[in-house]
Amino acid sequence: MYIGFQHLHSYLAYFALAALVAAIGYAAFSWLSNKPFTKASKILAITGLVSAHIQLVVGFLLYFLSPRGFANLSGDAMGDTISRLYVLEHPLTMLIAIVLITVGHSTAKRQTEDKQKHKRIVVFYSLGLFLILLRIPWYIWP
């Protein structure tokens, strides 16, 4: 079961990253071109948000199933770079990134001007994506 969740978490990440890049790209183009916030804008933003949340849920399940995750939480793990990444840095950074993406989507919905909606998505989704890219363990990612 652990291996299955590990593969699911790795391969869902491709979809989540693509959805975030698409949402950011479309919102940036629309923001700079003064385009209206259309149904396509909303669908892309929600797709990025939902894919990031699904990835987070699978990641939390993996965190508690993995011998590298919660089971490895100790003072010794903080001394080892790889263990610290799996136990603390990766999960915490991803949680912060998803919170930023969620805040961006929530605040964009409340804006009255279309340009401000696009701007919120670009800013917050980009910050979230930056944090995600910062803490992906690239050396083991398939």
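Q: How are residues numbered, and what is left out of side-chain values?
A: Residues count from 1 along each chain as its sequence is written, and side-chain values use heavy atoms, without hydrogens and water. The model is predicted, so local features need pLDDT of at least 70, side-chain atom pairs count only at pLDDT 80 or more, and totals for chains, interfaces and linings use all residues.

Q: What does the protein chain average in pLDDT?
A: pLDDT is the predictor's confidence in each residue, from 0 to 100. Here the average is 90, and 94% of the residues score at least 70. Among the elements, helix 5 (residues 114-135) has the highest mean, 97. Helix 3 (residues 75-79) has the lowest, 72.

Q: How many helices and strands does the protein chain have?
A: Helices (H or I, at least four residues) and strands (E, at least two) are DSSP runs, numbered from the N terminus. This chain has five helices and zero strands. Its C-alpha atoms fill a box of roughly 50 × 25 × 25 Å, taken along the principal axes.

Q: At what angle do helix 4 and helix 5 pack?
A: Axes are lines fitted to C-alpha atoms, for helices over the stretch in contact, and angles run from 0 to 180 degrees between N-to-C directions. Helix 4 and helix 5 pack at about 175°, with axes 8 Å apart. Angles under 35 degrees count as roughly parallel, over 145 as roughly antiparallel, 65 to 115 as roughly perpendicular and the rest as oblique. Helix 4 and helix 5 are therefore roughly antiparallel.

Q: Is histidine 90 buried or exposed?
A: Buried means under 20% relative accessible area, exposed over 50%, partly exposed in between (1.4 Å probe, protein chains only). Histidine 90, in helix 4 (residues 81-110), counts as buried because its relative accessibility is 16%. Across the chain, buried residues make up 37% of the 142 residues.

Q: Which residues does histidine 90 touch?
A: Contact means heavy atoms within 4.5 Å. Not counting residues up to four places away in sequence, histidine 90 touches His9, Leu85, Arg135, Ile136 and Pro137. A polar atom of the histidine 90 side chain lies 2.8 Å from the backbone oxygen of arginine 135.

Q: Where is glutamine 55 found, and which residues does glutamine 55 touch?
A: Glutamine 55 is in helix 2 (residues 39-65). At 12% relative accessibility, glutamine 55 counts as buried. Leaving out residues up to four places away in sequence, glutamine 55 touches His9, Leu12, Ala13 and Ala16.

How values were computed: A polar contact is a pair of N or O atoms within 3.5 Å; within protein, one must be able to donate a hydrogen and the other to accept it, and residues adjacent in sequence count only if both atoms are side-chain atoms.
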